[in-house]
Amino acid sequence: MITSLRGVMGRVMTPIARALLKIGVTADAVTITGTIGVVVAALTLLPSGHLFWGAAAIGLFALSDALDGTMARLSGRSGPWGAFLDSTLDRVADGAIFSGIAAYFLLQQEGTLATAGAASAAACIVFGFTVSYARARAEGLGFQAAVGIAERSERLVIALVVTGIVGIGVPVISLVVVLALIAVASIITVGQRMATVRKQAAAAAAEAA
């Protein structure tokens with residue numbers, strides 16, 4: 001579903017991208033500005049308990065992830081640097097979001113709920129980063145590992161939607177459960193990517209023998 005929405009987002013973003021390019025704004029500037037916005041919103045609004053507005057602000061700034069790619073394509077400047085910058089700042093944004101959620105639990109909740117929520121958010125950071133690293137490392141070795149049940153976009157959308165609805169009254173325990181499920185899905189995705197690369201490595205070794 002999220003993959004299909006990317007095409008729609010691309011069409012929506014195209015006129016905005018053209019307008020920004022016309023006034024001299026670059027794709028890199030949009031990438032950096034969007035990341036700064038996500039980090040500030042995640043580390044100020046979420047820990048202070050403003051979950052709905054925090055999730056809404058993060059979602060708004062996260063749209064830059066679609067906008068900068070469209071701008072790079074339209075300007076003919078898509079390339080390794082843009083991809084590197086985008087991927088690197090994505091990790092910064094991801095860390096800030098889940099750190100903000102963890103801080104919310106530690107600062108705004110008490111007892112077992114606080115501990116479970118913060119631990120689940122921390123697990124999302126660790127295993128989410130491992131999912132991304134597994135793919136990057138595989139591609140660096142010449143393999144493909146774009147598989148798994150928990151891609152970055154799915155993890156973030158689910159986490160932000162539930163964070164937002166908790167901010168308008170849904171029980172906080174639902175966020176703990178969702179974070180734990182995201183962490184488990186990330187672990188499974190790491191396993192899927194490892195298995196995929198192992199098969200490719202074995203096939204490459206057999207061909208070389």
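Q: What is the relative accessibility of Gly-69?
A: The model is predicted: local features need pLDDT of at least 70, and side-chain atom pairs count only at pLDDT 80 or more, whereas totals for chains, interfaces and linings use all residues. Residues are numbered from 1 along each chain as its sequence is written, and side-chain values use heavy atoms, with hydrogens and water left out. Gly-69 lies in helix α4, where helices are DSSP runs (H or I, at least four residues) numbered from the N terminus. Buried means under 20% relative accessible area, exposed over 50% and partly exposed in between (1.4 Å probe, protein chains only), and Gly-69 counts as partly exposed at 38%.

Q: Which residues does UniProt list with Gly-69 and Arg-73 under "binding site"?
A: The annotation comes from an unreviewed UniProt entry. UniProt positions follow the numbering used here, feature names are shortened, and annotations may be inferred rather than shown by experiment.

Q: Which residues does Val-30 contact, leaving aside neighbours within four places in sequence?
A: Val-30 is found in helix α2 and counts as buried at 10% relative accessibility. Its C-alpha atom is separated by 9.3 Å from that of Leu-20, ten residues apart along the chain. Contact means heavy atoms within 4.5 Å; leaving aside neighbours within four places, the partners of Val-30 are Leu-20, Val-25, Ser-64, Leu-67, Asp-68 and Met-71.

Q: Which residues does Thr-31 touch, not counting those up to four places away in sequence?
A: Thr-31 is also found in helix α2. Thr-31 is buried, with a relative accessible area of 7%. Not counting residues up to four places away, Thr-31 touches Asp-68, Leu-85, Asp-86 and Leu-89.

Q: With which side chain does the side chain of Asp-68 make a polar contact?
A: Asp-68 is found in helix α4 and is buried, with a relative accessible area of 6%. Leaving aside neighbours within four places in sequence, Asp-68 is in contact with Ala-27, Val-30, Thr-31 and Asp-86. A polar contact is a pair of N or O atoms within 3.5 Å; within protein, one must be able to donate a hydrogen and the other to accept it, and residues adjacent in sequence count only if both atoms are side-chain atoms. The side chain of Asp-68 makes such a contact, at 2.5 Å, with the side chain of Thr-31.

Q: Is Asp-65 buried or partly exposed?
A: Asp-65 is found in helix α4, residues 64–75. Leaving aside neighbours within four places in sequence, Asp-65 is in contact with Asp-86, Asp-90 and Arg-152. With a relative accessible area of 31%, Asp-65 is partly exposed.

Q: Which residues are in contact with Asp-90, leaving aside neighbours within four places in sequence?
A: UniProt lists Asp-90 for "active site" in an unreviewed entry. Asp-90 has its place in helix α5, residues 80–108, and is buried, with a relative accessible area of 12%. Leaving aside those sequence neighbours, its contacts are Asp-65 and Arg-152.

Q: What is the relative accessible area of Ser-132?
A: Ser-132 has its place in helix α6, residues 111–140. Leaving aside neighbours within four places in sequence, Ser-132 is in contact with Arg-91, Arg-155 and Arg-193. Ser-132 is buried, and its relative accessible area is 16%.

Terms used. Helices (H or I, at least four residues) and strands (E, at least two) are DSSP runs, numbered from the N terminus.
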